Amino acid sequence: MPEVVMPRLSDSMEEGTILRWLKSEGDTVTRGEEIVEIETDKATMPYEADADGELHIVAQEGATLQIGAVIATIGEPAAGVNGSTAAGETAEAAPDVETAGEAAEAGTAPAATATATATAPVAEPRRGGDGNGNGRARVKASPLARRIARERDIDLHSITGSGPEGRIVKSDVLAAAQAGGTSTAAPAAAPQPVAAAPAATAEPATGPKGEVSVEELTRLQQVVARRMAESKATVPDFSIATDVDMAPARALRAQLKDAAAEDQPVPSFNDMVVKACALALREHPRANGSYRDGRFELHTRVNVGVAVAGQDALVVPTVFDADTKSLGEIARTTRALAERVRDNSIRPPELGGGTFTVSNLGMYGVTHFTAVINPPQAAILAVGAITEQPVVRDGAIVPGHVMTITLACDHRILYGAEAAQFLARIRELLENPLALAF
């Protein structure tokens, strides 16, 4: 029976999480048909079947597996074959280290569990416990759902699962908790109404911070948290800043807006920053490089990442070969990438390959900030808001529009003088924006 394994969907991917099965157990699928959504370290994307046949799910929703692990099989059921069942048990245990403890609560040793799964289909409930230690038949539920149920004292038997084959998933438990799920304090032999159980009627304990709700990090949030912590812990960074007179850029944008067709996007100030950075990176190759394993890596392509606020995390899609693109091409590219980030349709190839990053918080009124370097890149540029303030021109103080840009650098590859020259070149290009058109 052909196996469907956890695919490698990006260069940096080591494991993936089964976010949602688009097909159910036993469904007939065809080659090229989307069957599952997988959450990687960079994005969530569907995965297609590579064969025709009947789908048999091995890894349930919420399971996190290494690349190459079996997540499903496609084909006719093979009588007497129990390998996929055992794999299903392994997949279920993968994302939750407490699964072994659940087996102990159920009074089932690991060897006995293996024997049971070898002779019974995955769909059959395991006997001896429900995951809450009450001795009843085990309910089909994801490890995350079981953990939340234990933490909130919710009886899984009182919940109807919405996952494949009625499996209880995280959202089911959270919905039950919000509705005031049944307490496991009720006797197993003769369940009583919730009101009859004293423990269930007690008010939830609250501390000085009030009631606390716990949210699990998504796969993307986990990766962002890890990479940012690694950056601050391992990168000897420093930052420099300068003010840019944006009056010429404002005048150019007004001209571009007047000349643009209705369906043609007008380059934003951030698009101008991306173009200016790309041209400056071409002239300062060290700023376009990386520090990795005690060596400099200098790149021939200039690929600028643009930070975009996603639904739950910061996502950085890449404008490839930004130094060779026109302002109009950059405008169209950045808008398309931002839309795909916000509707969750961005693909891992669009999130990799960056050699430099631009992060802009000016639209929120932030005047200046220091961004965290995205390792192994040499630097990241933080862009603030354009504010009206007095400037000196030809010896006179006149109203002007100023934008602060801050460059955070990895001192192992980019030194102070070179970083200052690079930042000065970005400022020069923005203050003479006609140079951005070439």
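**Helix packing and sheet order in a predicted model**

Colleague: At what angle do helix α9 and helix α11 pack in this predicted model?
Modeller: Helix α9 covers residues 269–283 and helix α11 covers residues 416–431, and their axes lie 9 Å apart. The two helices pack at an angle of about 135 degrees.

Colleague: How are α9 and α11 oriented to each other, and what is the handedness of the crossing?
Modeller: Angles over 145 degrees count as roughly antiparallel and those from 65 to 115 as roughly perpendicular, with oblique kept for what these classes and the roughly parallel one leave over. The pair α9 and α11 is therefore oblique. As for the handedness, α9 passes α11 in a crossing that is right-handed.

Colleague: Which residues make that contact, and how do they divide by class?
Modeller: From α9 the contact takes Met-272, Val-273, Ala-276, Cys-277, Leu-279, Ala-280, Leu-281 and Glu-283, while α11 supplies Phe-422, Arg-425, Ile-426, Leu-429 and Leu-430. By class, the contact of α9 with α11 comes to 11 nonpolar, no polar and 2 charged residues.

Colleague: How do α9 and α10 cross, and which residues are in contact?
Modeller: The axes of α9 and helix α10 (residues 327–342) come within 9 Å and cross at roughly 115 degrees, and the crossing is right-handed. The α9 side of the contact consists of Asp-271, Met-272, Val-274 and Lys-275, and the α10 side of Leu-327, Ile-330, Ala-331, Thr-334 and Arg-335. Divided by class, the contact of α9 with α10 holds 5 nonpolar, 1 polar and 3 charged residues.

Colleague: What is the strand order of the open sheet of 6 strands, and which strands stand at the edges?
Modeller: The pairing in this sheet is mixed, and the order is β9-β18-β17-β16-β12-β15. Each edge strand has a single partner, so one side of each is left without a neighbour in the sheet; the edges are β9 (237–245) and β15 (318–319).

Colleague: Which strands of this sheet does α9 touch, and what angle does its direction make with that of β16?
Modeller: Helix α9 packs on the sheet through contacts with β12 (304–306), β16, β17 and β18 (396–410). The direction of α9 makes an angle with that of β16 of about 155 degrees.

Colleague: How many bridges join β16 to β17, β17 to β18 and β9 to β18?
Modeller: Strand β16 (residues 356–360) and strand β17 (residues 379–393) pair in the parallel sense, and Asn-360 stands opposite Val-383 in β17. The strands β17 and β18 are antiparallel, with Val-392 opposite Ile-397 in β18, and β9 also runs antiparallel to β18, where Asp-237 faces Asp-410. The bridges number 4 for β16 with β17, 13 for β17 with β18, and for β9 with β18 the count is 9.

Colleague: Is the peptide bond from Pro-375 to Pro-376 cis or trans?
Modeller: Pro-376 lies in the loop between β16 and β17. Omega for the bond from Pro-375 to Pro-376 is near 5 degrees, and the bond is cis.

Colleague: What are the order and the edge strands of the open sheet of 4 strands?
Modeller: Its pairing is antiparallel and the order is β5-β4-β2-β7, while the twist from one strand to the next averages 40 degrees. Strand β2 (residues 15–21) is joined to β7 by 3 bridges, with Gly-16 opposite Leu-65 in β7. The edge strands, each pairing on one side only, are β5 (44–48) and β7 (64–66).

Technical notes. Residues are numbered from 1 along each chain as its sequence is written. This is a predicted model: local features need pLDDT of at least 70, side-chain atom pairs count only at pLDDT 80 or more; totals for chains, interfaces and linings use all residues. Side-chain values use heavy atoms; hydrogens and water are left out. Axes are lines fitted to C-alpha atoms, for helices over the stretch in contact, and angles run from 0 to 180 degrees between N-to-C directions. Angles under 35 degrees count as roughly parallel, over 145 as roughly antiparallel, 65 to 115 as roughly perpendicular and the rest as oblique. A crossing is left-handed if the near helix is turned anticlockwise from the far one by less than a right angle, and right-handed if clockwise. Contact means heavy atoms within 4.5 Å. Ala, Val, Leu, Ile, Met, Phe, Trp, Tyr, Cys and Pro count as nonpolar, Asp, Glu, Lys and Arg as charged, and the others, Gly among them, as polar. Two strands pair if DSSP finds at least two bridges between them.
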